[in-house]
Amino acid sequence: MAFSTIRPGIQPAEAILELEKAGVITTEMPFAGDQVQPASLDLRLGRRAYRVRASFLPGLGRRVVERLESVALHEIDLTQGAVLETGCVYIAEILEGLALPAELAASANPKSSTGRLDVFTRVIVDGSREFDIIDAGYTGPLYAEISPRTFPVLVRTGARLSQVRFRAGVSRLDDAALAALHDRERIVTSAAPSIQDGVAVSVDLSGFDSGGLIGYRAKRHTGLVDVDRIGAYAVHDFWEPLYGHGEGSLVLDPGQFYILASKEAVHVPPDYAAEMVPFDPLVGEFRVHYAGFFDPGFGHAGAGGAGSRAVLEVRSHDVPFIIEDGQIVGRLVYEHMAARPRVLYGAGAGSNYQAQGLKLSKHFRMGE
């Protein structure tokens, strides 16, 4: 791929495959068949991980391996599988590396399933001063910082906890462009959504069915979750369902993890990609942790996604906090795609959350 042909915007699946052929994305193993998403690449854990004393950033001019010499407690072999315990911090090698040209940057995010398991995951690179941000022109390895918060997890070489997007130029829509896009495509179901550095998204505590289900609270001291097993676990072994009973509010207990859903259905048109970001740290004493990107076609009727909600992973801070039905908890930012991907989210294999309402991660058998 000639670097001069890189078009501005978020690079689609077809361009990602070309980047791998050109050596911009390096890998120790060939891509898996479903590893490339419409607007992102799943990153796979490598052969080794390290239990570390604390999270860290290497800092300008410093390599991750150099920092590991002083903070690593012990090395873990991932080739046979290993259990990562709650409350611990790990740094794992990633099979993919990068040799980015000067006009191409990247950013990472936990995969949706990772966030819904409350596994805190961030990508770090040599010389980085920010998590999940990979500067244009970076050449070197990638690492994943992993910290399970609620459930211990079983991971192995090849497991996918994070994903990366490739971006050329300025791709984010400003508020005027976002309002125009909403007028054309109705990107959220609010009739007149609040648009300020993104489209506001609120929480639904009204009840998703006749039984009044509004969300789930994670149980403590459960068994482990194998991140590669889909539909393997009964919901009741790990989650407590929450019912609204018409109250329209929920008390968030400190240290507890909740799965809730947005009141608005979300639509990402085929020529755009989206990401959920915090609305405002001053809206309350809680944190909504958003995992994963919204690929082109999420919630798109033409890809079978009409009515798709955003799932919210919520944790209170140090004090109990009452969250209200309809309270704004996040905002959606949209970016231009460099080109429309040939296969939209939901139109091919591997789309686990198209047309979702209130849905736990793919590891759980819903309805049990």
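I started at the domain boundary and counted 16 residue pairs in polar contact between domain 1 and domain 2, both residues at pLDDT 80 or more. A polar contact here is a pair of N or O atoms within 3.5 Å; within protein, one must be able to donate a hydrogen and the other to accept it, and residues adjacent in sequence count only if both atoms are side-chain atoms.

A note to keep in view: this is a predicted model, where local features need pLDDT of at least 70, side-chain atom pairs count only at pLDDT 80 or more, and totals for chains, interfaces and linings use all residues. Residues are numbered from 1 along each chain as its sequence is written, and side-chain values use heavy atoms, with hydrogens and water left out.

Next I looked up the bounds: domain 1 is 9-168 and domain 2 is 175-365, from an automatic or database domain assignment. Their centres, taken over C-alpha atoms, are 23 Å apart.

Then I checked contacts (heavy atoms within 4.5 Å). I found 36 residues of domain 1 touching 46 residues of domain 2.

I turned to buried area, the accessible area (1.4 Å probe) that two parts lose on being put together, summed over both. The two domains bury about 3300 Å² between them, with 57% from carbon and sulfur atoms. Arg116, Phe151 and Arg165 supply 24% of what domain 1 buries against domain 2, more than any other three residues.

Last, I went through salt bridges (a side-chain nitrogen of Lys or Arg within 4 Å of a carboxyl oxygen of Asp or Glu). The interface has 5 of them. I also noted the salt bridge of Arg167 with Glu335, whose closest N and O atoms are 2.6 Å apart.
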